[in-house]
4 protein chains.
Amino acid sequence: MSYDNVTPAPDDAPPLGVGMVGYAFMGAAHSQGWRTVGRVFDLPLSPVMAAVCGRDPDAVRTAAGRLGWAAAETDWRALIAREDVQLVDICTPGDSHAEIAVAALEAGKHVLCEKPLANTVAEAEAMARAAHEARARGQVAMVGFNYRRTPALALARRMVAEGRLGEVRHVRVSYLQDWLVDPAFPLAWRLRKETAGSGALGDLGAHAIDLAQHLAGSPLAGVSAQTETFVRERPLREGGPDGEMGQVTVDDAAVFTGRLDSGALASFEVTRVAAGRKNALRVELNGTAGSLSFDLERLNELEFHDETQAAGEAGFRRILVTEQDHPYLEAWWPPGHGLGYEHTFTHQARDLVHAIAAGSAPAPSFDDGLQVQRVLAAVEESAGKNCVYTPVEHHPATV
Amino acid sequence: MSYDNVTPAPDDAPPLGVGMVGYAFMGAAHSQGWRTVGRVFDLPLSPVMAAVCGRDPDAVRTAAGRLGWAAAETDWRALIAREDVQLVDICTPGDSHAEIAVAALEAGKHVLCEKPLANTVAEAEAMARAAHEARARGQVAMVGFNYRRTPALALARRMVAEGRLGEVRHVRVSYLQDWLVDPAFPLAWRLRKETAGSGALGDLGAHAIDLAQHLAGSPLAGVSAQTETFVRERPLREGGPDGEMGQVTVDDAAVFTGRLDSGALASFEVTRVAAGRKNALRVELNGTAGSLSFDLERLNELEFHDETQAAGEAGFRRILVTEQDHPYLEAWWPPGHGLGYEHTFTHQARDLVHAIAAGSAPAPSFDDGLQVQRVLAAVEESAGKNCVYTPVEHHPATV
Amino acid sequence: MSYDNVTPAPDDAPPLGVGMVGYAFMGAAHSQGWRTVGRVFDLPLSPVMAAVCGRDPDAVRTAAGRLGWAAAETDWRALIAREDVQLVDICTPGDSHAEIAVAALEAGKHVLCEKPLANTVAEAEAMARAAHEARARGQVAMVGFNYRRTPALALARRMVAEGRLGEVRHVRVSYLQDWLVDPAFPLAWRLRKETAGSGALGDLGAHAIDLAQHLAGSPLAGVSAQTETFVRERPLREGGPDGEMGQVTVDDAAVFTGRLDSGALASFEVTRVAAGRKNALRVELNGTAGSLSFDLERLNELEFHDETQAAGEAGFRRILVTEQDHPYLEAWWPPGHGLGYEHTFTHQARDLVHAIAAGSAPAPSFDDGLQVQRVLAAVEESAGKNCVYTPVEHHPATV
Amino acid sequence: MSYDNVTPAPDDAPPLGVGMVGYAFMGAAHSQGWRTVGRVFDLPLSPVMAAVCGRDPDAVRTAAGRLGWAAAETDWRALIAREDVQLVDICTPGDSHAEIAVAALEAGKHVLCEKPLANTVAEAEAMARAAHEARARGQVAMVGFNYRRTPALALARRMVAEGRLGEVRHVRVSYLQDWLVDPAFPLAWRLRKETAGSGALGDLGAHAIDLAQHLAGSPLAGVSAQTETFVRERPLREGGPDGEMGQVTVDDAAVFTGRLDSGALASFEVTRVAAGRKNALRVELNGTAGSLSFDLERLNELEFHDETQAAGEAGFRRILVTEQDHPYLEAWWPPGHGLGYEHTFTHQARDLVHAIAAGSAPAPSFDDGLQVQRVLAAVEESAGKNCVYTPVEHHPATV
């Protein structure tokens, strides 16, 4: 017997139309997430890749075809207005997040917004406010701190929540990359304050801060920081320094320390000039009952030290986070068959779809994104004021 | 402007209809490959997931919907006969490979067949013969040694071919898993000789042998082997030993040594009872000019020692195989953003599509699969004959 | 033929009488160094373990016999006065360093003083002044930052000095231990400000600061710091909390950032409550041409990334620092036969003996020790002043 | 108060005069052991480094002075005859072991003999016989498989004996070095059959075999082997190939598999041409309840997987073998302060002194050394007979 036209619906779940703005690195990664999520996970709603939006008509059409979107738009307002779009997925640089997200929420759409939530605290506050109003209407707004969805880090959070670390005393996060070591690397949008807001800080530091707070289960109370731009001029265009040069207006690196509300000490280092470190997001938490350690360059592994074991048998244990009962792993391959970077976007899509179907608040929320934004602002303020300890406000935007 | 219905064609490439037989673990992995390949790579043909085949009508229909196949079939002969299928992808246990593959080739279809190529040398010879005949008609037949498509191992092969290791003297491959440590694990098809052909040997050893020969660039001339079945009876059904027990008729583990035609010494160990080793496929080659080392549990890394460097500065160098100029990486994420297990199937699909479009012989061919089968047979023969050194025939089936 | 009484002189070098004050952990380690150095290295002077000094007559006599000292003293002034002592090796807690060192130098003896040089900057200044005066008389004074003599870190320094890292931009040092996680650990001398000066800061931070400056080849210009004492009361005596408790008057941990004169950013974390980290002194330097990474828990290894290699072949290379042309290794075992912690003291003894014989200034000098002391003071000052950036004076004490 | 002339006796223990034959690499390592053991451990007898023996009068006198021996001899018979020598420590090449050891035992001396015990089974049998006879007179004979005394491997043995691994199924040992990669390396004594007996096999394989049997607690029942000499001619003298060349008469590498009496499968690989591997003695045991893994290049670490833990929390745990309750560690430094290669000789000396004082049989005994010799012979026999499985005799020499 043959059964033709079985697809496209992976199951009988009602459709959830997704419209994505932006189709560069993040757009491609999100697309892979949307394309895959319903093929792997059981979902209450069936995501449909309705339309993608970009300014260049030819390029966006090509991207739609390549990435698997059913339609293409050149105006994000038109995308938001589409009836087949219930969820707007924002993958643009930070300077446009606030405008698009607020408009989408006001138009009654759910929103997924890439991190950092915005380029300023004021924008982030407006977004959090809009999210709160939309929440009252049953809409959902999530910020894309995708690394929370790395199975190893989701397991880390679960273990901390279960008390396996006891009281957390130290949180240490470094996020080291090296793509700006070469002074001939051109002045891309990520190197301009007007588009990116900040440099390594907003790009890498936002992840570092979110993970520190999320994993430890406590927000930062204050920070002390230094930032630096080692290469202050770069060629305007790719191909080298023979042409015009432009000013780099964001940081290459930031080092900062902080205290969590819980009393834990935190230390951070983010940089894009650490030669040889490609994507070294390293997280370690030390508690009274145990410690956890993670490196994104080995993303399928979580190291756990159980302080309650006899010293003679204790040691950091390399958990290969590929077991059926590890977060997200019930849907994937047998033990030992590792996942990759892009799977975090599939998992993000999964959790968001569940939140939308359940009408429940997703995490990380726009409030979480705003909190990170406030820490970023405090870091910049401290760096500008001789490292002085700078408190971070906590109360939600809507209060 | 809106551009609706941009999809499904990722570009203007002519379609290549794929029909897949089997939809368990391997079928799911291949599906992810087919679903993804055209979204990521530039392809000369556009793969269409035409139909999937399985014996249970309900289950196969559900699988088709879940995995993204446009139609479902319950008879593999019907699948082969479909006009919209040009490529038959065989993901069934080894005992049905020969019959399906030969029929598909005779029906004028291209074939991708999971490893090991067959359960016996005779079957594999028939398949290689059919592939040769089909080759004359422009058809392509590939065996699914997907680990060759791990970027790190593809890079390893490239470096060996470039002479970076000099003359290879040692090849050492171990493939350690642990899912059979528990004696309550039931007597699944992989534990019966009639379905699986052999145990760890055919399942893991086939990969180990293929990689040893492929990476070193030389076939095995002979082997000496021991095999063992530590748990000889297992429950017939999941849930434990209270019910009926059945005989395990395949090996749990095999250890063997060998010599390559090149003169290199090889050592192998494959097992499914190495407690704590989940998917530890480890490969090391030592040559006169350098060494390479790999572990599938850290699949984005390749370790390289350059013997031509001064001893005081030399050492195994951990290459994170995520750079743009690494094999397959031009299509993926920025440096340091690792891939996972399933990407090997996307890469396999890519290379197969290119071979079909170019009418060129793919690698690994059915001849390569036959050669591995002969080594497996020699291993079993040696194990049965007091470890005596057992030569491996090389000449292709068609001679 | 027999040749009896060949020893004690390992060769015909004139003797150098050593007198050691203190015989606890550091004293035992120094003793192993003195006992071994002349048996392994070619030396211009032959160290003689003349006498050890401690307050308890029985205990010091036992220690002398056990550790191999020819005589025992109960008054350090008597030790200094001995004619058979030319070098005074100070292994006492920090509160007695200044008095003993200054007296020894004034008595015309060479001095080796454990780190940190002193408990206050004023003491350290007095010691540096005494060292300068003694230097004019041909005496030598060295501070015991023994980790500089780990072969891997000596190699690291050599590579930085040779320009292999280019311009250093990041220095990151953490020194993590965990012996104070247990709140029942008693209030030992290292937990009292009056004896130890500070906690993790002086104990571990002194090493971290010295290595950062030494390896990068540039002093710290200023720091911003936070310190914390997580367990503020501890039992006065071993055996648990049933008895009297006392106040912990030093830090458990310190996190701080800094800038080197060279413009590099530095980050530091030292703690004695990082569960599972036993002796994790980790150092990483990132420069424009390469990076280096080290972990004291794997002390025979140095990781080097060469940024001048093609990206596709680059990676952190694990140099096993056991080759004949690595620092100090000409005297030890064949490649791959690793050394241990205690060898740093043998190497320290070797370098000190050479400096004494040559009449040359040893490194690290008391000035270097003073500089570290100033950084420690700046760290404490910053921690007490809301993390404000606190400059560090550089000019030597004698100016 | 002063207490002069405290030394040389570390305590009131009666002296044990040691006489050592040979003073090259092994002699230097043993000397470091004898020099250190009484300074670190509490011993029932106080070792005195009475005399060292070598053929060249000047060289042995220099060595005695350098290494700390009180006298020098040029005839080993004279050394054995010395009244101040109760223990003869044999550090010569394998071809002289039997003659010296048997003579020493017959002269009433205790004997420590470097591994491999001899160059042939016949010699080893004679030595074992002499040891048995001497044992009846209260003498002790030990063979120097020093790696058993690496704390991590001593801990491994303890854990296996405690049942932490359950039933051992796999033992895998490789010992990889690379000092013969260079074809210009001259034809040293270790490359001639008449002096060394065999190549990598006797040098590295003896360690590998002893550890496999010792750790698993079961002797090898039989083996199947292949050996190879990749570089068959080498310069007679250092400095390169311009001069005379000589035949290499031993193996460069051996690969072999085996079965233990217990039923476990074993695999072995030893080589001196594995480029980049300096001293990679790697041992792994997989049992029904857990696994252990070790690498001599990281000798302070032991990895343990506890199969009885929930899969979601299990993983190889890196035990830093530096805790007070780890074997031998009670006498050394605080946790995390690692030991080196040479400490195995100090530990060997400690255990031997205890055995002599207690009059108890030491391990590894000459019988153990003979058993290893029989395995080595079986390996060579199998390698010469087409890999055929070759049983190993077990019964002790004296039966």
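Colleague: What makes strand β3 (residues 46-53) of chain D mostly covered?

Modeller: In this predicted model, seven of the eight residues of strand β3 of chain D are buried. A residue counts as buried if 20 or more other C-beta atoms lie within 10 Å of its own C-beta.

Colleague: How do you know that β3(D) pairs with strand β2 (residues 15-21) of chain D?

Modeller: Seven bridges join β2 of chain D to β3(D). Pairing needs at least two bridges, so these strands count as paired. They run parallel. One of the bridges has D:Val18 with D:Met49 as its partner in β3(D).

Colleague: Is D:Ala289 called buried, exposed or partly exposed, and why?

Modeller: D:Ala289 has 16 other C-beta atoms within 10 Å. Buried takes 20 or more and exposed takes 12 or fewer, so D:Ala289, with 16, is partly exposed.

Colleague: Where is D:Ala289 placed in chain D?

Modeller: D:Ala289 lies in the loop between β14 (280-287) and β15 (290-295) of chain D.

Colleague: Which residues is D:Ala289 in contact with, leaving aside its neighbours within four places in sequence?

Modeller: They are D:Arg164, D:Leu165, D:Gly166, D:Glu307 and D:Thr308. For a contact, the C-beta atoms must lie within 7 Å. For D:Glu307 there is also a C-alpha separation from D:Ala289 of 5.0 Å, with the two residues 18 apart along the chain.

Colleague: How do you know that chains A and B meet through the same surface?

Modeller: Of the interface residues of chain B, 100% are also interface residues in chain A, so the copies use the same surface.

Colleague: How many residues does each of chains B and C give to their contact?

Modeller: Chain C gives twelve residues and chain B gives twelve. On the side of chain C, four are nonpolar, three polar and five charged.

Colleague: What makes β17 of chain B and β17 of chain C a strand pair?

Modeller: Three bridges join the two strands, each covering residues 316-320. At least two are needed, so the strands pair. They run antiparallel, and the partner of B:Arg317 in β17(C) is C:Arg317.

Colleague: Which domains is chain A divided into?

Modeller: Domain 1 is 15-146, and domain 2 is 151-298 + 300-339. Ten residues of domain 1 and eleven of domain 2 make the contact between them in chain A. The domain 1 side has five nonpolar, three polar and two charged residues.

Colleague: What confidence does the predictor give?

Modeller: The complex has an ipTM of 0.94 and a pTM of 0.96. Chain A has a mean pLDDT of 94, and 95% of its residues reach 70 or more.

Notes:
Residues numbered from 1 in each chain as written. Chains lettered and ligands numbered in written order. Predicted model: local features only at pLDDT ≥ 70, side-chain atom pairs only at ≥ 80, totals over all residues. Domains from an automatic or database assignment. Contact = placed C-beta atoms within 7 Å. Nonpolar A, V, L, I, M, F, W, Y, C, P; charged D, E, K, R; others polar. Helix = DSSP H or I, 4+ residues; strand = E, 2+ residues; numbered from the N terminus. pLDDT = per-residue confidence, 0-100.
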